[in-house]
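Subject: Structure handover

Hello,

Here is the structure you are taking over. Please open it first, then read the notes that follow it.

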Amino acid sequence: MKKNIESILTESRSFPPSDSFTAAARLKPVDLDALYKQAETDYEGFWAERAQEELHWATPFSKTLDESNAPNYAWFTDGQLNVSENCLDVHIAEHGNKPAIIFEGEQGDRKTLSYSELLTEVSRFANALKAQGIEAGDRVVIYMPMTPEAVIAMQACARIGAVHSVVFGGFSANALRDRIIDAAAKMVITADGAHRGGSIVELKQATDTALSDACDSIERVIVLKCTGHEISMTAGRDIWWQDAIADQADICMPGPVAAEHPLFLLYTSGSTGKPKGVQHASAGYLLHAKLTSKWVFDLNDQDVFWCTADVGWITGHTYVAYGPLAAGATIVIYEGAPTYPDAGRFWKICQELGVTIFYTAPTAIRALMKFGDDVPNAYDLSKIRLLGTVGEPINPEAWMWYHRVIGQERCPIVDTWWQTETGGAMMAPIPGVTATKPGSCTRPLPGIAADIVDEEGAPIKGDDAGGYLVITKPWPAMLRTIWGDNKRYIETYWQKFQNRYYVAGDSAHRDGDGCYWIMGRIDDVVNVSGHRLGTMEVESALVAHKRVVEAAVVSRPHDIKGESIFAYVVFQGDRPTGDEAEQLTKELRNWVADQVGAIAKPDDIRFTDNLPKTRSGKIMRRLLRAIARDEEITQDTSTLENEAILDQLRGKA
Ligand code: WT7
């Protein structure tokens with residue numbers, strides 16, 4: 001990124017909220033102004049006041065922000081609280097009978113848990129964890145289907161101060177094993193299987209495979225019966241969920257932990273090496289999760305909130321398992337695929353469960369848009385009053401469809417920019433206040449200091465500023481470190497600008513109204529269906545195949561997934577062509593699915609005799625990207641040892 005990034009996007013439509021939406025909204029223009037003013041004049045005071053208002057403290061804090069180990073910042077350090085108590089116990093007196101979770105399985109089965117019932121389930125399971133030897137600080141891996149029990153397991157860990165690490169159920173045994181080993185987890189909580197698109201995902205089988213290989217830290221596996229199909233249980237190690245809770249008491253007193261006590265690890269992709277265990281702290285994270293649930297989603301007592309994300313991703317942590325519960329809302333959890341048994345499933349759920357706020361990813365919107373307006377039009381979506389998106393930039397066409405067909409031109413759309421590392425939404429419209437623009441996440445929230453800087457770290461002023469997106473002040477929900485690798489934490493997020501700013505790794509520009517437009521990642525990361533995958537990870541998976549010598553992975557735009565993976569592969573021996581190449585392509589795609597997970601399968605694989613490299617031996621990724629995208633080549637290719645390679649890379653030889 002030599003010169004500042006220029007944007008070619010010119011989108012000038014603007015959609016202010018309706019007067020009636022604003023009249024009923026939690027935050028009005030004056031409230032938002034006051035919040036911005038306070039955050040600007042007294043940053044620490046602003047956060048201290050929010051933390052006192054929103055959270056129930058077992059021991060109040062006296063210190064707000066500790067900068068003594070910057071950039072390892074700490075918040076509310078001498079305070080103590082319990083996250084699960086703040087999500088459950090605090091609601092019982094007034095809202096004990098209010099539905100906390102409305103669950104629908106892929107097969108159509110339903111279950112509702114009130115706040116009281118959820119508290120009981122969480123308490124029993126927390127007691128079961130203790131009975132199985134789990135103590136505060138122990139790491140527990142959760143590898144489960146999208147069911148209430150996944151949330152119960154997370155909340156139960158929080159209740160006893162255990163640190164959960166949720167691994168997305170779509171990840172393979174290999175990915176699971178790496179995460180177990182990195183965290184030295186003591187326990188895995190899983191299920192016999194998950195329903196997905198009409199078939200069964202073999203979670204227990206994958207767990208067994210993972211555990212057969214160097215996962216010595218694991219002492220126990222708790223298995224939820226979900227699909228009911230036959231699986232094998234290892235005596236002395238595995239125990240059924242039902243048996244684990246059978247003799248447990250309904251009450252488990254929430255144990256206060258220090259504000260900075262780690263609440264969870266969540267592994268995410270980086271541009272190099274293995275996935276990073278992003279570590280979040282208890283109090284700061286919960287504060288942001290609760291506040292943004294209220295500010296951005298305008299949650300009120302009658303709302304039925306559906307965030308479609310799986311708990312395996314940060315969105316499913318912050319806006320399923322923690323934020324909306326802390327705010328006392330009713331949430332919907334759906335187990336299965338959006339298109340099962342047909343493309344109307346999401347809209348059918350919205351109609352039947354009375355969803356009022358719907359939050360999903362652009363990739364899902366684009367996929368469902370393809371089926372045409374008639375599908376959603378067949379359902380009554382009149383209860384929906386607010387829509388949200390997250391995960392990647394939304395293209396204006398998908399935005400307009402979402403606005404017109406799902407929101408029926410009545411619902412504000414909150415486009416929320418954030419990351420696994422930021423813990424919660426950082427930039428987003430406030431629905432009763434902000435005029436939205438298709439494709440922009442609008443402005444930083446109160447208490448969040450974002451900016452755009454150039455290569456030297458100097459803020460870029462003026463209209464249409466484009467460059468590196470940075471956060472210029474620490475915030476309560478920021479990641480605390482990378483588990484077991486603080487050096488990597490500093491290198492990845494802080495070093496570029498001498499520890500002055502948190503570097504998000506996205507490029508962005510800001511328009512004349514001060515609205516931000518995210519332009520994409522600046523590192524070697526692919527955003528497939530709203531999820532970050534490191535190109536390095538896919539490359540390592542490819543070269544782990546016994547016949548692959550070298551591989552380079554780049555992204556190219558994809559209609560539905562946003563980006564898809566394009567791999568250049570150097571094979572041992574003669575370059576495969578024709579039928580052999582086709583056969584090997586299949587084999588390699590399955591191989592990657594096996595090593596990393598189906599989400600990482602390359603859409604395209606091109607075999608080549610060698611990869612284009614610079615004199616210093618670096619793979620010319622920009623060139624490979626241009627070729628994958630059918631763009632004109634602007635790089636100097638004269639230094640290539642073998643210019644004929646260009647035709648191979650283009651797939652023309
Ligand atoms: C990356 C973070 C945050 C939960 C889901 C993904 C991209 C995220 C937006 C948005 C444009 C977005 C960024 C970011 N991203 N939200 N509203 N507009 N881009 O979490 O896997 O940690 O990925 O997703 O590139 O850095 P993640």
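D630 counts as exposed because its relative accessibility is 71%; exposed means over 50% relative accessible area, buried means under 20%, and partly exposed is in between, with a 1.4 Å probe and protein chains only. D630 sits in the loop between α19 (621-628) and α20 (645-649). D630 also has a positive phi of about 55°, although it is not a glycine.

Before the rest, some conventions. This is a predicted model, in which local features need pLDDT of at least 70 and side-chain atom pairs count only at pLDDT 80 or more, while totals for chains, interfaces and linings use all residues. Residues are numbered from 1 along each chain as its sequence is written, and side-chain values use heavy atoms, with hydrogens and water left out.

The whole protein

The protein has 20 helices and 30 strands. Both are DSSP runs numbered from the N terminus: helices are H or I with at least four residues, strands are E with at least two. The radius of gyration is 24 Å, close to the 26 Å that the globule rule gives for 653 residues, so the protein is as compact as a globular protein of that length. That radius is taken over C-alpha atoms, and the rule is 2.2 Å times the number of residues to the power 0.38. Along its principal axes, the C-alpha trace spans about 75 × 65 × 60 Å. Of the 653 residues, 60% are buried. Among contacts (heavy atoms within 4.5 Å) between residues at least 6 apart in sequence, 71% join residues at least 24 apart.

Two helix pairs

Helix α4 (residues 83-95) packs against helix α11 (residues 314-326) at an angle of about 50°, and their axes are 9 Å apart. Axes are lines fitted to C-alpha atoms, for helices over the stretch in contact, and angles run from 0 to 180 degrees between N-to-C directions. The angle makes α4 oblique to α11; under 35 degrees is roughly parallel, over 145 roughly antiparallel, 65 to 115 roughly perpendicular, and the rest oblique. This crossing of α4 and α11 is left-handed, meaning that the near helix is turned anticlockwise from the far one by less than a right angle; clockwise would be right-handed. V83, N86, C87 and H91 of α4 meet Y322, L325 and A326 of α11.

The axes of α5 (residues 115-131) and α6 (residues 148-160) come within 8 Å and cross at roughly 65°. The crossing of α5 and α6 is right-handed. Residues in this contact include L118 and F125 of α5, and I152 and I160 of α6.

A helix with buried residues

Which residues of helix α15 (residues 396-406) are buried? They are A398, W399, W401, Y402, H403, V405 and I406. These buried residues pack against several elements, among them α12, α13 (362-369) and β19 (386-390). Just after α15, Q408 takes a positive phi of about 45°.

Backbone details

A cis peptide bond runs from A70 to P71, with omega near 5°, and P71 is in the loop between β1 (65-66) and β2 (74-75). Y340 and P341 are also joined by a cis peptide bond, with omega about -5°. P341 lies in the loop between β17 (330-334) and α12 (345-353). S529, not a glycine, has a positive phi of about 50°; its loop is between β26 (525-528) and β27 (531-534).

Regards
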